[in-house]
Amino acid sequence: MSPAENPSRPLLSVRNVTMRFGGLTAVKSLNMTIPRHALYGLIGPNGAGKTTVFNVLTGVYRPTEGEIEFDGTHVQRMKPYEITKLGAARTFQNIRLFADMSVLQNVMTAHHLRTRQILADAVIGTARHHTEERETRDRAMELLRIFKLDSFAEEPATSLPYGSQRRLEIARALATEPTLLLLDEPAAGMNPQESRELMTLIRWLRDELKLTILLVEHNMKVVMGICETIQVIDYGEEIAIGSAAEIQKNPKVIEAYLGGG
Amino acid sequence: MSLARKLLVVVVTLAALLALNDVFEYGVGDFQINPYYARIINLIGINITLAVSLNLINGLAGQFSIGHAGFMAVGGYTATYLTVYHGRQIAGWFGAGVTNPLGASIVMVPSLLAGAAAAALAGLLVGIPSLRLKGDYLAIVTLGFSEIIRVIILNIPAVGGATGFTDAIPITNFFWIFSMAVLTIVITRNIAMSTFGRALFAIRSDEIAAEAMGINTTRYKVMAFVISAALAGVAGGLSGQLFANPLNPQNLNFVKSIEVIVMIVLGGIGSITGAVLGATTLTILPEALRSFDQQFPGLRMVIYALLLILLMIFRPQGLLGRREFTWAWLRPGKGSRKGVGRGFQ
């Protein structure tokens with residue numbers, strides 16, 4: 001067994017990561033350890049730096065200080081596409097589907113990094129090209145079935161209702177064949193019924209697809225309901241970490257959310 | 001499609017183009033094609049290659065390049081230079097002269113390959129540093145590049161400088177023009193329908209999401225740029241050696257780039273069928289309007305501009321939008337809902 005696959009080793013470790021934008025410190029020496037197959041929640045009030053953490057983890061920003069180790073590789077200097085290739089896929093808080101593509105094409109596009117053909121295969125139309133194209137399509141349809149989107153496969157992605165677009169973003173992220181799934185506020189804009197279904201789905205993804213999931217969420221019900229470990233940040237700093245029950249009782253968390261007297 | 005069928009299609013296409021080429025050059029029986037029409041048809045072929053190749057970068061990848069004339073110039077001058085200075089030698093190896101049909105076809109191969117390679121290299125040199133730029137900034141860099149190329153050519157006496165490359169040997173013919181147009185369409189279509197095409201569409205649609213889905217956006221933009229430049233180089237090589245239209249730096253300026261952009265915008269940016277249609281329309285239109293000039297000199301271009309303005313008002317997405325030709329178009333009543341009128345994405 002290679003050290004990278006050692007199950008006792010955490011999948012993601014963040015050590016003393018600081019992110020500064022000029023004079024503003026958005027994230028201050030953050031530590032985070034996510035074990036394999038965990039359902040990890042990151043919460044905090046508005047402007048706490050959740051999305052910044054997310055963007056640092058996925059390579060959109062390079063951290064000013066600190067290191068991030070994903071599956072045995074230091075990723076703090078890597079580009080987003082390199083991190084995705086290592087197996088960390090994300091969704092976006094403000095949905096970013098490929099607007100001029102169909103639902104199916106959106107998912108197929110994300111399988112690109114797992115294809116082995118070279119450009120000449122596509123130009124000449126080799127057997128490898130046709131086999132891979134079929135595989136990509138089949139995998140994408142399979143994912144759409146899991147997310148109950150298969151009947152809309154040929155529809156334009158942006159014609160879907162809001163909740164379905166969010167699910168499509170998750171399906172698209174899964175097409176990159178990740179080990180770590182990073183969800184940025186997946187329940188935003190969903191009604192209670194949709195949020196409940198989403199919770200079941202996220203749990204199912206972890207249990208059945210053996211994924212590790214980092215959830216950044218505003219909706220307390222969703223986070224408290226499914227995450228085993230919850231980390232709370234405020235002004236870019238960790239203020240609490242623990243189980244849902246522990247977090248709910250923590251006076252610092254209550255103060256951060258409701259405001260101190 | 002099986003390999004045997006694919007080869008059959010290639011052989012049949014080439015045979016058909018060769019037969020048409022014969023009709024073009026020698027006529028059939030008493031029928032001789034009007035040289036004026038022949039010239040327009042040849043120009044249509046070259047413009048199809050130009051428009052479809054520009055569509056790869058501007059339409060499919062969504063990067064706004066206005067330097068296509070620059071790549072055309074690099075390819076054109078390289079290809080023509082090779083023919084003028086080494087053509088006799090190359091044809092001589094096969095015991096042929098440059099000007100007889102066999103020798104011309106033999107020389108055409110290395111000539112076009114050299115043109116494509118030189119233009120591809122130029123595409124790579126411009127693409128790597130500048131494709132991190134977006135929108136208007138990229139447009140300015142590509143415009144600057146094509147102007148630099150033009151000024152360099154103006155100062156090389158070996159290729160004619162400001163007078164143009166008048167030593168060019170007319171070895172381009174119908175066969176080469178249209179086999180290259182078909183090749184360009186096939187290459188672009190196959191890229192568009194593959195995982196690489198989806199990567200380009202993703203870049204066009206949302207670069208941040210494309211990166212997050214594992215697509216190396218810079219690499220694919222450079223790839224599209226290089227292929228597009230190489231094909232523009234081929235078009236340059238063809239038009240430079242079409243005697244009616246010798247290479248001249250004045251014809252390869254900013255206006256030429258804009259002309260090609262207008263073709264793809266008119267046809268529907270992002271649609272390969274649209275690029276073909278746009279190139280055909282915009283080559284024929286100015287010629288078809290020529291009779292207006294006999295009554296009022298200059299009226300032709302006024303009508304031409306008016307037609308373009310009206311089209312952009314009533315069909316801003318171009319004639320076809322992003323739709324593509326499929327065989328279902330030709331089947332009456334069938335497939336009227338699915339498959340027809342849809343783009344690749």
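The model described here is predicted. Along its principal axes, the C-alpha trace of chain A spans about 70 × 40 × 40 Å. The secondary structure of this chain comprises 10 helices and 10 strands, and buried residues account for 42% of its 261 residues. Among the contacts in chain A with a separation of 6 or more, 65% are made by residues 24 or more positions apart.

Chain A is divided into domain 1, which covers residues 1-87 + 178-261, and domain 2, which covers residues 98-177. The C-alpha centres of these two domains of chain A lie 26 Å apart, and the contact between them involves 8 residues of domain 1 and 9 residues of domain 2. On the side of domain 1 that touches domain 2, the residues divide into 4 nonpolar, 2 polar and 2 charged.

Several individual positions in chain A were examined in their local setting. A88(A) is placed in strand β6 of chain A, residues 88-90, and counts as buried because 28 C-beta neighbours lie inside 10 Å, where the cut-off for burial is 20 or more. Leaving aside neighbours within four places in sequence, A88(A) is in contact with T58(A), F70(A), I83(A), P178(A), L180(A) and L182(A). The C-alpha atom of A88(A) is separated by 29 Å from that of A245(A), a residue 157 positions away along the chain.

Two further residues of chain A, neither of them a glycine, have positive phi values. For N16(A), phi is about 50°, and this residue is located in strand β1 of chain A, residues 12-21. N16(A) counts as exposed, since it has 12 C-beta neighbours inside 10 Å and the exposed class extends to 12 or fewer. For E177(A), phi is near 55°, and the residue is situated in the loop between α6 (162-174) and β7 (180-184) of chain A. With 16 other C-beta atoms within 10 Å, E177(A) is partly exposed.

Chain B is built from 13 helices and 0 strands, so that its pattern along the sequence reads α-α-α-α-α-α-α-α-α-α-α-α-α. The radius of gyration of chain B is 20 Å, close to the 20 Å that the globule rule gives for 345 residues, and chain B is therefore as compact as a globular protein of that length. Its C-alpha trace spans about 55 × 55 × 50 Å along the principal axes. Of the 345 residues of chain B, 48% count as buried, and among contacts in this chain between residues at least 6 apart in sequence, 76% join residues at least 24 apart.

Between the two chains, 23 residues of chain B are in contact with 28 residues of chain A. On the chain B side of this contact, at least two residues are supplied by each of α6 (174-192), α7 (195-205) and α8 (207-212), and the largest share, 7 residues, comes from α7(B). When grouped by class, the side of chain B that touches chain A has 13 nonpolar, 7 polar and 3 charged residues.

The largest nonpolar core has 166 residues, and those with the most contacts inside it are A51(B), A119(B) and A224(B). Helix α9 of chain B, residues 217-240, provides the largest share of this core, 13 residues. The core also draws at least three residues from each of domain 1 and domain 2 of chain A. In soluble globular proteins, nonpolar side chains tend to be buried together.

Helix α9(B) has 24 residues and reaches 34 Å from its first C-alpha to its last, close to the 34 Å expected at 1.5 Å a residue. Because 21 of its 24 residues are buried, α9(B) is largely enclosed by the rest of the structure. Apart from neighbours within four places in sequence, A224(B) is in contact with L56(B), I57(B), L60(B), A61(B) and L200(B).

Methods. Residues are numbered from 1 along each chain as its sequence is written. Chains are lettered from A and ligands numbered from 1 in the order in which they are written. This is a predicted model: local features need pLDDT of at least 70, side-chain atom pairs count only at pLDDT 80 or more; totals for chains, interfaces and linings use all residues. A nonpolar core is a set of buried Ala, Val, Leu, Ile, Met, Phe, Trp, Tyr and Cys residues joined through C-beta atoms within 7 Å. Helices (H or I, at least four residues) and strands (E, at least two) are DSSP runs, numbered from the N terminus. Domain bounds come from an automatic or database domain assignment. Two residues are in contact if their C-beta atoms, placed from the backbone, lie within 7 Å. Ala, Val, Leu, Ile, Met, Phe, Trp, Tyr, Cys and Pro count as nonpolar, Asp, Glu, Lys and Arg as charged, and the others, Gly among them, as polar. The radius of gyration is taken over C-alpha atoms; the globule rule is 2.2 Å times the number of residues to the power 0.38. The expected span of a helix is 1.5 Å times one less than its number of residues.
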